[in-house]
Amino acid sequence: MAGITVRELSNHTSNIVDNPEILLDTYQFEEGLAEYDVSAYKILKNMGYSEKIDGTSLKTFLYNYLSGDGKYYNTNNFVSGEPGSSSHYSNIGSALATYLIEAKSGMT
(Lines give C-alpha, C1' and ligand atoms only; values in the text may rest on other atoms or scores of the structure.)
Protein backbone atom coordinates (compact mmCIF):
# COMPACT_ATOMS: atom_id res chain seq x y z
CA MET A 1 0.00 0.00 0.00
CA ALA A 2 1.24 3.48 -0.81
CA GLY A 3 1.77 6.01 1.95
CA ILE A 4 -1.01 8.34 3.01
CA THR A 5 -0.46 12.09 3.03
CA VAL A 6 -1.86 14.64 5.49
CA ARG A 7 -3.67 16.20 2.55
CA GLU A 8 -5.40 12.88 1.80
CA LEU A 9 -6.37 12.57 5.46
CA SER A 10 -7.71 16.14 5.46
CA ASN A 11 -9.78 15.77 2.30
CA HIS A 12 -11.03 12.25 3.11
CA THR A 13 -9.24 10.47 0.27
CA SER A 14 -6.87 8.41 2.43
CA ASN A 15 -8.80 5.10 2.02
CA ILE A 16 -9.30 4.93 5.83
CA VAL A 17 -13.00 4.59 6.66
CA ASP A 18 -15.08 4.45 9.81
CA ASN A 19 -15.84 0.80 10.48
CA PRO A 20 -19.23 0.94 12.26
CA GLU A 21 -18.47 -2.30 14.12
CA ILE A 22 -15.67 -0.46 15.90
CA LEU A 23 -16.46 3.25 15.62
CA LEU A 24 -19.75 3.09 17.51
CA ASP A 25 -17.88 1.67 20.51
CA THR A 26 -15.40 4.56 20.64
CA TYR A 27 -17.73 7.40 21.57
CA GLN A 28 -17.04 8.95 24.96
CA PHE A 29 -19.96 10.63 26.66
CA GLU A 30 -19.53 13.30 29.26
CA GLU A 31 -22.08 12.10 31.76
CA GLY A 32 -22.42 15.59 33.25
CA LEU A 33 -23.61 16.93 29.90
CA ALA A 34 -26.34 14.32 29.54
CA GLU A 35 -28.59 16.32 31.86
CA TYR A 36 -28.45 19.27 29.43
CA ASP A 37 -29.70 17.29 26.49
CA VAL A 38 -31.20 14.07 27.76
CA SER A 39 -33.03 13.35 24.50
CA ALA A 40 -29.90 13.54 22.31
CA TYR A 41 -27.96 11.44 24.80
CA LYS A 42 -30.67 8.74 24.79
CA ILE A 43 -30.95 8.77 20.99
CA LEU A 44 -27.19 8.22 20.58
CA LYS A 45 -27.24 5.39 23.11
CA ASN A 46 -30.26 3.81 21.36
CA MET A 47 -28.49 4.07 17.99
CA GLY A 48 -25.72 1.88 19.36
CA TYR A 49 -23.15 4.48 20.30
CA SER A 50 -21.40 3.21 23.40
CA GLU A 51 -18.30 3.56 25.50
CA LYS A 52 -16.98 0.03 25.13
CA ILE A 53 -13.52 1.27 24.17
CA ASP A 54 -12.21 3.62 26.80
CA GLY A 55 -9.19 4.32 28.90
CA THR A 56 -6.90 4.59 25.91
CA SER A 57 -5.02 7.43 24.31
CA LEU A 58 -5.72 8.55 20.76
CA LYS A 59 -2.25 7.34 19.78
CA THR A 60 -2.95 3.86 21.13
CA PHE A 61 -6.41 3.69 19.57
CA LEU A 62 -5.11 4.75 16.14
CA TYR A 63 -2.35 2.14 16.33
CA ASN A 64 -4.87 -0.54 17.25
CA TYR A 65 -7.24 0.53 14.44
CA LEU A 66 -4.70 1.03 11.65
CA SER A 67 -1.87 -1.40 12.34
CA GLY A 68 -2.08 -4.95 11.03
CA ASP A 69 -1.34 -6.30 14.49
CA GLY A 70 -3.69 -3.89 16.30
CA LYS A 71 -6.58 -5.28 18.31
CA TYR A 72 -9.20 -3.28 16.35
CA TYR A 73 -7.59 -3.83 12.95
CA ASN A 74 -9.91 -5.10 10.27
CA THR A 75 -9.84 -4.93 6.49
CA ASN A 76 -13.18 -3.10 6.78
CA ASN A 77 -11.24 -0.15 8.27
CA PHE A 78 -10.14 0.65 4.70
CA VAL A 79 -11.67 0.83 1.25
CA SER A 80 -9.96 -0.89 -1.64
CA GLY A 81 -7.75 1.16 -3.90
CA GLU A 82 -4.81 3.43 -3.38
CA PRO A 83 -5.00 6.51 -1.17
CA GLY A 84 -6.12 9.50 -3.21
CA SER A 85 -8.21 7.43 -5.63
CA SER A 86 -11.63 7.92 -3.98
CA SER A 87 -13.34 10.02 -1.34
CA HIS A 88 -14.95 8.59 1.82
CA TYR A 89 -15.69 10.70 4.88
CA SER A 90 -13.71 9.38 7.85
CA ASN A 91 -13.74 10.45 11.50
CA ILE A 92 -10.78 8.12 12.04
CA GLY A 93 -8.83 9.76 9.21
CA SER A 94 -9.60 13.19 10.65
CA ALA A 95 -8.45 12.02 14.09
CA LEU A 96 -5.20 10.75 12.58
CA ALA A 97 -4.61 14.09 10.82
CA THR A 98 -5.22 15.87 14.12
CA TYR A 99 -2.88 13.54 15.97
CA LEU A 100 -0.13 14.06 13.37
CA ILE A 101 -0.44 17.86 13.62
CA GLU A 102 -0.32 17.69 17.42
CA ALA A 103 2.71 15.37 17.37
CA LYS A 104 4.61 17.54 14.88
CA SER A 105 3.76 20.87 16.54
CA GLY A 106 4.10 19.67 20.13
CA MET A 107 0.78 21.37 20.92
CA THR A 108 -2.51 19.78 21.93
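1. The chain has 6 helices and 0 strands, and along the sequence they follow the pattern α-α-α-α-α-α. Here helices (H or I, at least four residues) and strands (E, at least two) are DSSP runs, numbered from the N terminus. Please keep in mind that this is a predicted model, in which local features need pLDDT of at least 70 and side-chain atom pairs count only at pLDDT 80 or more, while totals for chains, interfaces and linings use all residues. Residues are numbered from 1 along each chain as its sequence is written, and side-chain values use heavy atoms, with hydrogens and water left out.

2. Now the chain as a whole. Of its 108 residues, 32% count as buried; buried means under 20% relative accessible area, exposed over 50%, and partly exposed in between (1.4 Å probe, protein chains only). The chain exposes about 7,000 Å², and carbon and sulfur atoms supply 54% of that area. Accessible areas come from the Shrake-Rupley method with a 1.4 Å probe; for residues, only the protein chains shown count as cover. Among contacts (heavy atoms within 4.5 Å) between residues at least 6 apart in sequence, 70% join residues at least 24 apart.

3. In soluble globular proteins, nonpolar side chains tend to be buried together. In this model the largest nonpolar core has 13 residues, and those with the most contacts inside it are Ile 16, Ile 22, Phe 61, Tyr 65, Tyr 72 and Ile 92. At least two residues of this core come from each of α2, α5 and α6. A nonpolar core is a set of buried Ala, Val, Leu, Ile, Met, Phe, Trp, Tyr and Cys residues joined through side-chain atoms within 4.5 Å.

4. Helix α6 (residues 91-105) has 15 residues and reaches 21 Å from its first C-alpha to its last, close to the 21 Å expected at 1.5 Å a residue. That expected span is 1.5 Å times one less than the number of residues. At the start of α6, a side-chain oxygen of Ser 90 comes to within 3.4 Å of the backbone nitrogen of Ile 92. After the helix comes Gly 106, with a positive phi near 75°.

5. Which residues of α6 are buried? They are Ile 92, Gly 93, Leu 96 and Ala 97. Seen down the axis of α6, these residues fall within an arc of 145°, so they line one face of the helix. The arc is that of the directions from the helix axis to the C-beta atoms. The buried residues of α6 pack against α1 (6-10), α2 (20-23) and α5 (58-66).

6. Helix α5 can be read in a similar way. Its buried residues are Phe 61, Leu 62, Asn 64 and Tyr 65. They cover an arc of only 165° around the axis, which puts them on the same side of α5. What covers them includes α2 and α6.

7. The loop between α1 and α2 deserves a visit, and His 12 lies in it. His 12 is buried, with a relative accessible area of 17%.

8. A polar contact of 2.6 Å joins the side chains of Thr 13 and Asn 11. A polar contact is a pair of N or O atoms within 3.5 Å; within protein, one must be able to donate a hydrogen and the other to accept it, and residues adjacent in sequence count only if both atoms are side-chain atoms. Beyond its neighbours within four places in sequence, Thr 13 is in contact with Glu 8, Pro 83, Gly 84, Ser 85, Ser 86 and Ser 87.

9. Finally, some backbone angles to check. Most residues other than glycine have a negative phi, and most peptide bonds are trans. His 12 is not a glycine, yet has a positive phi of about 60°. Asn 15, also not a glycine, has a positive phi of about 85°. Asn 15 sits in the loop between α1 and α2 and is buried, with a relative accessible area of 5%.
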